[in-house]
Amino acid sequence: MRLALLPLLLTALPALAEPPALHSLPMTMQASHPTVLGTLDGRDEPLHLVVDSAASATLLDAAVVQRFGLQDANAREHDAQGASAGGLALRSTRRVAMALGSLQLQVTALQAELAGLSPTGGAPLHGIIGQDITAAFDTRWDFAQSRLLLWPARSLPTPDAFCQDNALPDRSGVLKGFGFVTLRLGDDGVDAIAVVDTGAAQTILNNAAASALGLRTDGRDARVRARSKGSEGLGGKPTPTWLYTLPALASAGWQHPAVEVRISQLPVFRAIGLDQRPAVILGADVMQGGQVDISAGAERICLRRPPQG
């Protein structure tokens, strides 16, 4: 009898109050990417910067690097891999002051050609804020309130109702700051691992996930159709891609209704060690109207859907 009462007693306790955020920035969606304004080198020119939970480093567009004189002749090159069939060698900039609202910091970014990410006829995207900045904080992408919120590390409550430990607890090196969660795909609840990627415009399944769902990409499956443009990111070489309406997907305390997703064996799946098992890049398309919390070091990840009216 005492054991049966224990859950009732626990649910009666009040939820932990959230402390005020240390930094709160307006966040808008540009080309389906969550974007904040920042400045560099003490100048007044506003820069549109994507806040990407799956970028291990901060990037600046080559035109910005040139305009601000941020080249470093002695910088070494870094190998990078994203949503393209080809990898990239990116050169570091010199160290520069960056301001993101009330957050003041010094950064060394990587130089990249980002013009292809900018929306046609819209404001250009000048850079990408990566985990080298956000992983020091408990970070919330609040899509419902259009805010990016930063708390000191380990100060934001992560209730079990919406949150889970990182699904890859033994990750190391460049993967340390990535938020991995468990997902259930489709009506049959196929188990998969997902990397939470606020910088991805659309959710992407790898070939193993598509196969586990019983899907074919050889033209003989009426549920799947080819995406003529493929999937293209930094590097400019598209990877063959198909489109499919996934009936449902769910995680700890989180569910999403039917949504069109991509199927593509992007090189990044291999780079993060998830090319041989069902895996997903969980994009911003399924985060709209909700919240995503990633604790410092990506130890805990919380997904919240919009309240149902």
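Me: Let's start with R154. Which loop is R154 found in?
Reply: R154 sits in the loop that runs between β13 (147–152) and β14 (163–165), and please keep in mind throughout that this is a predicted model.

Me: Is R154 buried or exposed there?
Reply: R154 counts as exposed, because its relative accessibility is 74%, and a residue has to be over 50% for that label.

Me: And what about phi of R154?
Reply: Phi of R154 is near 65°, which is a positive value in a residue other than glycine. As background, a negative phi is what most residues other than glycine have.

Me: What is the phi of A298, then?
Reply: A298 also is not a glycine and has a positive phi of about 55°. A298 belongs to the loop between β24 and β25, and with a relative accessible area of 1% it is buried.

Me: Which residues line the largest cavity?
Reply: A298 is one of them, and the lining of the largest cavity also includes S53, Q131, T134, A135, F137, T139, W141, G177, I294, S295 and G297. Two elements give two or more residues to this lining, namely α3 (131–134) and β12 (137–142), and β12 gives the most, with three residues.

Me: How much space is in the largest cavity, and how many cavities does the search find?
Reply: About 60 Å³ of space lies in the largest cavity, and the search of the whole structure finds three cavities of 30 Å³ or more.

Me: How do the residues of that lining divide into nonpolar, polar and charged?
Reply: For the largest cavity, the lining holds five nonpolar residues and seven polar ones, with no charged residue.

Me: And the second largest cavity, what lines that?
Reply: The second largest cavity, with about 40 Å³ of space, has a lining made up of W254, V286, M287, G290, Q291, V292, L303 and R304. Both β24 (291–294) and β25 (300–304) supply at least two residues of that lining, which divides into five nonpolar, two polar and one charged.

Me: Changing topic, what is the strand order in the open sheet of nine strands?
Reply: The order of the open sheet is β18-β19-β22-β17-β23-β16-β15-β20-β21, and the pairing is mixed. The edge strands are β18 (225–231) and β21 (254–256), each of which pairs on one side only.

Me: In what sense do β15 and β20 pair, parallel or antiparallel?
Reply: Strand β15 (residues 180–185) pairs with strand β20 (residues 249–251) in the antiparallel sense, over two bridges, and R184 has A250 in β20 as its bridge partner.

Me: Now T35: what does its side chain reach?
Reply: The side chain of T35 reaches the backbone oxygen of H33 at 3.0 Å. T35 is in strand β3 (residues 33–40) and counts as buried, because its relative accessibility is 2%.

Me: Which residues is D61 in contact with?
Reply: D61, in strand β5 (residues 59–61), is in contact with A112, E113, L114, A115, L125, H126 and G127 once neighbours within four places in sequence are left aside. D61 and A115 are 54 residues apart in sequence, and their C-alpha atoms are 7.4 Å apart in space. D61 itself is buried, with a relative accessible area of 10%.

Me: Last one, for the chain as a whole: how many helices and strands?
Reply: The chain has five helices and 25 strands, and of its 309 residues, 47% count as buried. Among contacts with a separation of 6 or more, residues 24 or more positions apart account for 64%.

Methods: Residues numbered from 1 in each chain as written. Predicted model: local features only at pLDDT ≥ 70, side-chain atom pairs only at ≥ 80, totals over all residues. Heavy atoms only, no water. 1 Å grid on protein atoms, 1.4 Å probe; cavity = no way out; pocket = protein on both sides within 12 Å on 5 of 7 lines; lining within 4 Å. Points joined across faces, edges and corners; volume = space filled by probe spheres on them. Helix = DSSP H or I, 4+ residues; strand = E, 2+ residues; numbered from the N terminus. Nonpolar A, V, L, I, M, F, W, Y, C, P; charged D, E, K, R; others polar. Buried < 20%, exposed > 50% of the residue type's maximum accessible area, 1.4 Å probe, protein only. Polar contact = N/O pair within 3.5 Å; in protein donor to acceptor, adjacent residues only side chain to side chain. Pairing = 2+ DSSP bridges. Contact = heavy atoms within 4.5 Å.
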